[in-house]
Amino acid sequence: MNRTTLSLIAGAAALAAVTGFAALDAPGAAGAGPAGAAARLPVERTTLVCPAPSGSDIAETSYTSFTPVTQGAAGDGKGQLQAAAEESGTDDGKSDSKDDDGDGGKSDSKGSGKKKAAEAALQPKAPGTPATGDTDGADAPALIGTAEGKFAPGWTVQQTSEVAAGAGRGLLGVNCTAPDTEFWFPGASTAASRADYVHLTNPDDSAAVVDIELYGKDGAVKSEVGEGITVAPRSSEPVLLSTLADAAQDDLTVHVSVRSGRVGAAVQALDNKLGGDWLAASADPAGSVVLPGIPKDATDVRLIAFTPADADTDLKVKLASPSGLITPAGHETVHLKGGTTTAVDLGDVTRGEAGSLVLTQSAQSVPVVAALQVIRGKSGKQETAFIPAAGPLAARATAADNSAEGATLSLTAPTATAQVKVTASAGSEGGTAVSKTYTIKAGTTQDIAPPVPAGLKGAYALTVERVSGGPVYGARTLTATEGGVPGVTVQTLPDDRGTVSVPHADEDVSVLQKP
């Protein structure tokens, strides 16, 4: 093996260790290995960020951390979630105004102005066993976490809050996200009844600079306030969307782009009458879109879609039901105008059955992002959840924070029949893992009452693995009733990217050498 080959393999391994994922494939050329020659190895490092959970004094928040067992993973490692850094106050207990050096920090004339040391909020347990923690009140901070070695492959953290009353009351859940440089959030709003915040969390030791753009029914919302927002190192910044627009709009698409650094981003949508939930980012813009896991008892479903392209398009709307793909009456197509946000009320589209929405294009294909706003309950006692467009479950995904009751796993195979294996982990306080295999027929959605670990004590995780067949999309729904209000939150199941593609030692990559 020549030195270039060794350097490339070492570089790929190093990149995997730093970012949590990487791929290095030699170009097809004479002497090059086949496309399938690259090996899949477990990632060695994963970073996740969790937004500050709630501004309510009566919020109760739980965290569940879980790493699935991964063949070939390291034998040791470490991991923890820490509170995002806070500024220390002055000697008299008060903090002064922000300094003017542009780093977003605070200065004081009497104290040191140094960051307080972050304490571990939660540490993961051995792969295969969930770890849990909780907090309450309005002062709970954003969390930043890193897992290394055996804890890294597929590391998942669920944040779930219960708010009994007030704006945004109900069940609010979100998967803590990997930092990135671009996010799309169709489904946000600056309506009078809503208070939507985009939470930006920077996990790194240098500041990040972020732009926030809003797109409504007439196109881009003019604003300079969202440009060049500085997020200080290892800190979090909530931005109230109504401060970025002059006029209220019912339906908006939020575009978060990072000029320098990287952040995690999520939108917290709080409604005075319809409760609240977290709106996670849509899958990357694509020509076809799948929105999995509409609760079968949803009383109203609203589709919000956006294309960043200059061209218009017509989306074909299909519902993947338990019996196959059907066209909702009166909603055969949705017209999208380039650069604008379109919202359509679909009503009781699932009619009491499991369902997922599938959007495709026939003629001109342009990139699209989309989300669903789902209402559960009846007038006066309603709760909101959001389902963003999801990416396919290529290999494996995990939903943490399940209990013996109140969880539903929804899986759809829009194009071809697929087989999946669902594993219920041991409980956080005891129990034995159990697995079951399911077949999802082409064009259908299947709601599954998840298997429950034998002798369950505490919370457990559900890991879904695609065994064979076509692409699979999934979501997990949590429900809980508080004061007669049917709380609901839905998290989609994107692939956990727990492995990285690297070339075999005997793969010929000499074509990459300079002459």
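R396 is buried, with a relative accessible area of 10%, where buried means under 20% relative accessible area and exposed over 50%, with partly exposed in between (1.4 Å probe, protein chains only). The side chain of R396 meets that of D496 in a salt bridge, defined as a side-chain nitrogen of Lys or Arg within 4 Å of a carboxyl oxygen of Asp or Glu. This pair links distant parts of the chain, 100 residues apart: R396 lies in strand 28 (residues 396-402) and D496 in the loop between strand 37 (485-492) and strand 38 (499-502). Strands (E, at least two residues) are DSSP runs, numbered from the N terminus. D496 also counts as buried, at 18% relative accessibility.

The model is predicted: local features need pLDDT of at least 70, side-chain atom pairs count only at pLDDT 80 or more, and totals for chains, interfaces and linings use all residues. Residues are numbered from 1 along each chain as its sequence is written, and side-chain values use heavy atoms, with hydrogens and water left out.

A search of the whole structure finds ten salt bridges, including the following.

| Pair | N to O distance |
|---|---|
| R396 and D496 | 2.6 Å |
| R259 and D211 | 2.9 Å |
| K217 and D218 | 3.1 Å |

R259 is exposed, with a relative accessible area of 53%, whereas D211 is buried at 15%. Both K217 and D218 are exposed. A network of salt bridges links D251, R302 and D345.

Strand 10 (residues 182-188) is largely enclosed by the rest of the structure, because six of its seven residues are buried. Six bridges join strand 10 to the antiparallel strand 16 (residues 252-260); strands pair if DSSP finds at least two bridges between them. F183 stands opposite V256 in strand 16.

Note on methods: Helix = DSSP H or I, 4+ residues; strand = E, 2+ residues; numbered from the N terminus.
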